[in-house]
Each structure stands twice: as C-alpha cells, then as structure tokens.
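I opened this notebook to record what I looked up in one chain. The entries keep to computed values.

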Amino acid sequence: MATMVLTVAGGLVGGPMGAAIGATLGNAVDHAIFRPKGREGLRLSDLKVQTSSYGTQIPKLFGTMRIAGSVIWATDLIEHRNRESNGKGQASTTTYSYTASLAVALSARPILGVGRIWADGQLLRGAAGDFKARTGFRLYLGSEDQAADPLIVAAEGAGLAPAHRGIAYAVFEDLELGPWGNRIPSLTFEVQADAGPVAAGEIATALGAVAASDPSVALAGFAAQGSSLATVAEALASAAGGWFGEGSALHCGTGDAVMVEDAGAGGGGRGNRSLAAATSAPRTLTLSHYDPARDYQIGVQRAGRAGTGLRETRIELPAAIDAGTARTLAEAALLRADTERERRSVRLGWEALAVPPGARVRIAGTPGLWRVDGWKFEAMAVTLDCVALAPETAAIGASSGRVLAAPDTAIGRTLVHAFELPPIDDAALAVPRLAVAAGGSAAGWRRAALLLSTDGGSEWQAIGGTRGIAVLGTVIVPPGPALARVEDRRNSVDVVLGHDGMQLDDADVSALDRGANLAMLGDELIQFAHAQSLGAGHWRLSGLWRGRRGTEHAIGTQAPGDRFVMLDTDTLALVDLPSSALGGQASVLAEGAGDAGEPAAAEAGLDGISLLPLAPVHFAAHRLADGSVQLRWTRRSRSDWRWQDGGDVTPEPGGERYRLSVTPETGPAWSVDLLAPEVTLSAALCAQSLGVELRQIGTAGLSRAATLTLPISGETP
C-alpha cells in the first residue's frame, strides 16, 4: 500500500524520477512494517493445553495437526447408579459412574475431518475411527451454513444455541468418564485441515500475512495463532528460512537474482566487505518441532559446525514436520547464521532504485548470491547493504528416535452371554440370580452398558455396566453324554473364543478340586483338566468333570453355537431378579464403545437352577420280605459341595421335606409330602407297575425329579 501511495505522490511532484524515488521509499516503508521485529512467537506447548476460557483464540489449521482445542460448551456430570450383587449372602453394592457432554472448537477455518483423538494421552479414538470408550460423537467441519448441534439446542433452547459457522468443532454426547477418574479428560485431536502437506509460503498467503511467496518448505501441519498476524508471519518465515521483501512478499532460498555492478561512485572502489567474528555465529543449533511419527509429540534435531565459539541457539518451530525435514532445517539455519556473517556494501547509480530491499542480487566479480538488507540514496547514487545468502541445503535423513506411542488396540464388537447361575459360592439364595458375562471380539474391548428385560422386551431397565472382561466364546464341537460321578475321559469339546488374545490353561486334580477351570457350556457347568490350542482362537478341552453344581440334567444337551463362558466372579455381573421372574425369560442388551448403536443381545431361560433345591440322589428301591417296597434316597444341598466323611449336608431352609408322586399302571396318580428320606410302599400297591418321582421341597419351590419305575428291572412283583 505504501509503495502505491508514494509512487503516485512522487510522480505528481517530480515526474518519472520522483515516481522512482517514491516507489523506493514505499518499499522501505512496507519492508519496515512487514518485517518481523523480534516478536514473542508461539511456543510448542501452546497447542497441547486444552482451554475453556472465554475469549480464547481458536487457531486456523493447515495440513494435519494435533491440537487440544477449546471447550466451548459442556454439561454438568451425569450420575448413573449400578446395583451389583456380592453373593455369599452379603448385601448388594451400589456403584456410581458418570458421563458428560461437551463441544470442543478445533479450527477457525474449515477442515476435512478428524483422525485420532487422545484423552489424557491415551487413545480415545483410534486410526480406524473406533472409539475406546462409549460416547456419541458428531463433527462439524466449519462450513458457513452448518446447523446448530441438536444436543446443544435441546440443552440451551431453540434460538439460543449458536451454529458456530466457520468454526470446526466436535461434540461428545454422554462421554463415559470412568477411565479418567470420573472427570473430563484433556482431549487432543488429530485434525486434517488440508489434503497433504502445505508449503509455509502458501499458508502465509492464505492468511494474508504476505502477498506472495517463493516456493518454500512443506509443513505437514501448522496452527496459525498468535498475538498478531506478524507473529504468524514470523513463525512461517522461520520455518521456510525466508525473509520479507517488496510488497510484503516472502522470499525463500535461492532463485532469480538481479545482476548489479559496483559503479564505484562516491569513492571506495568496489563494494566494501565486512566479516563478523566466527564466534558471533552459534556453534550448535537445536530445532524442536511437532513430529507426526511421535504422535505429534515434541521432537528435537541438533546441528553443529566446526570452529571456535561456544554459543548455542534454539529454535522452536510450532509446526508438524518429520525428523528429516527438521534436521535439514536445523542444518540450513546454522549454515545461514554462519554465511550471513559476510556483508558487502555496493554503490550503484540511481537506476538501482528499482532494486528493492529483500531482493536477491548477484554482484559482478563476486561469487554467490546476496540479499539486499538495506539501502540509502544520496547524491544520485544508491548504496545497497547486502548479506550473503547460504547455498541450498540438501535433504538430510534423521530418526525420530524411540517412539512410545499410545497403543491403538482395536475394540471390536461386544460379545455377551446371559444365564441363570447356580450358586458357585456355597451361599443359599432367596431370589433367582442372573449372570451376565461380556467380552469383545478384539483385545481392546473394556466394558459395555447393560439393559435388562423380563417381559419379552416391552420394558427395559438399565442395570449398570459389565464387570471385568470375561473369557468366552461358542461351542464348535459339543461333548457327548457322560456320567456326572466320574471324570469324562472319553469326550472332549471344541470351542472358539472371542479373539486370539483370550487364553485357557490346564489345571491339575488339586486345582480342579478347588474349583479351577469352571465353565458354563450351554446349560451345563463343566470343569476341564486340559486345554489345547488349535490356533485362530480355537481350543480343545478334555479331562472333563461334568454336570457340576447340580447341572447333570444338561449333560449331552449342547449344540454348536451354544455359549462357553469361563466363570470368574471378578468378570460376572450378577443380577438378582424377583421371584416372579421364575419360569420366564430374561433378555439382555450390551452396548460397548465399538458397537455403533447396535448392542449385542443374549437370552436366558429362568428355570430356577439358581434358587430351587437339587433333586435327591441315590434314589433306590428295596423289596421287603412281605412284598412291600422301601424307597430310600439322599438329599443334596446347594451350599455343601465339599466331601465330608461322617458329615451330613445342610438341609433346605424350612427343614427337610420331599414330595413323592406315584403313577400306577391302573388307577389315579397321587402324591404325598414326606419329612424323612425314606418311605415304604405297600405290597398291594407294588403288585402293579409304578412310575415314581421324587422332588425335594424348598422355600422357593420344587426341585427337579429323581425317578424310578417299579418293578425294578430283574425283580418279580
């Protein structure tokens, strides 16, 4: 602008000569205005601290950059209650979890998208776009016609929620905060503002910091923010190793130059030469930058030169560049500092008024390129004060060093199994108990929220979250029938686990006796001594203990696709259901961070295996001399599973009671309740074929039946 004004003014006053002088003076003014004056530039840490202060500057992003952003809207923390059963007759525990919703401004110019997101340095969103914690997420790219976010509208009211047009921002809805100590973590974003790297000069031009630019170094990413436009221009010039010239143009490196020849006017012969002391240039130079290979953490490259001096210089370049580019820039900056110790003053005729400050020149008879750093015009002669330009620095390779990147482990989808669980802690229950086990199809899965319905899906209630990460899968090849009283060495079972990271182990007899390797296989509880990996998550289990904890009725009922769950109290979510749920069905939905609104589902029949007494065993008939038949049996308890010589098992609450049902070949069926584990049937009754069922009576209902058919095979009635 000053160039134009003074050129016109000079032409009006002094004709062509005045116009030339005015243009030169204008160049000097422009040069003085746009040349950085040692302003305080950006620090590398400025882009790493998430802010929420009113009036915080939002950067304009170029290329791909990791930034913290500014929180522009947030809700209070939302509390969620989760009631869990502790087993062993203990009172249930109520735990609390928290979520929050917030919006974070990213860029004051449009962007293309967002890649990874970190929360307190750990990945919240991976490179594949998968979230590691449950949250709703929406991204606004910063268009001038974008609509207000519906969540913010609902919270603030229609007409009161800004659309933040021209601002790229992200919205998190119900972000779970448990992984970060129930507080909002510090979020940083890998923002993609442009397709590929952007030249420093192009950025400066796009911002209006310069009018034009020579080809310059490409930056993988840059965040334009600072106290003034000049501050940004200075940072970009530092990145490019450039300087400002006529019309606020950014000149970089070597290029076209004007040939000048010292006229010798005014005395002094050829241009005077000066060379600053070698100690005036730094001996070493360190350049710090954001390194994409280090997840945009700060990288440092160091350059050094031979010679005298101890001075060290440090450059902080708030841009994303790779280690090789940073090393090249460091070497180039050190070479410039050493080369620019040489200066020359060249005295020319008045026609040199057309050579503006900042221009490149070649001085006749002198090797190399020079930059016009200053000039003066007197006695119809122009004196150019020139600084030697360093030659181009060839690209230098460099290493980013050891990178400890945040692990980007895939979460996968939620896998869930639900089943009524027999007591495995020797504690009698008063109500039915449902167990929910969940894991993931990939190693990064951590937890899921649970919903429960006991009325066929008409109503759902939140029952908190999963507990731990279960080892689970499905049956591939089921085992055949076997006895529950001895080890099954004939059968084996093949299962496939959720992912390759899940493992199974062997267990010896002592460990099995202590309850090791207990698993739910379909509706049967088993234990296994040997686990053989078949590869790709497939396992073969053998040395089976069948029908554990009163599940002998389910032996041999499994089919391919049935559930397999390792039972570990640390990974099972236990839900006590009302007694009215018995005989019905429980439905469970589990939604984790990787399920994208499509929760996993599981169904469980509630037949009372967790609550009802066990069927009597050793049910036998003995014919007496008078033709009558004596029936005897042994009761079982859900709370006494250890072998105890000389001891008896604990009776059901309310005492020992049984119901005997008899169905004769002819005549009506009948039943009787008994208080002792024996009964005698008359000889007359036993003169015909009888079907006999025996059930133990508990406070919650009847056990499964132990059965006999009389006469017993081989007997004569």
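Predicted model: local features only at pLDDT ≥ 70, side-chain atom pairs only at ≥ 80, totals over all residues.

Residues are numbered from 1 along each chain as its sequence is written, and side-chain values use heavy atoms, with hydrogens and water left out.

Whole chain. I counted six helices and 44 strands, taken as DSSP runs numbered from the N terminus (helices H or I, at least four residues; strands E, at least two). Of the 717 residues, 47% are buried, that is, under 20% relative accessible area with a 1.4 Å probe and protein chains only, whereas exposed means over 50%. The chain exposes about 33000 Å², of which carbon and sulfur atoms supply 53%; the areas come from the Shrake-Rupley method with a 1.4 Å probe.

Helix α3. I looked up the buried residues of α3 (residues 200–207) and found Ala200, Gly201, Ile203, Ala204 and Leu207. They lie on the same side of α3 because they cover an arc of only 160° around the axis, judged by the directions from the helix axis to the C-beta atoms. Glu202 and Ala206, on the other side of α3, are exposed. The cover over the buried residues includes β1 (60–67), α4 (229–240) and β14 (250–252), with contact meaning heavy atoms within 4.5 Å. Just after α3, glycine 208 takes a positive phi of about 80°.

Cysteines. I found zero disulfides, a disulfide being a pair of cysteine sulfur atoms within 2.5 Å. Cysteine 386 is buried at a relative accessible area of 0%, and cysteine 686 is buried at 4%.
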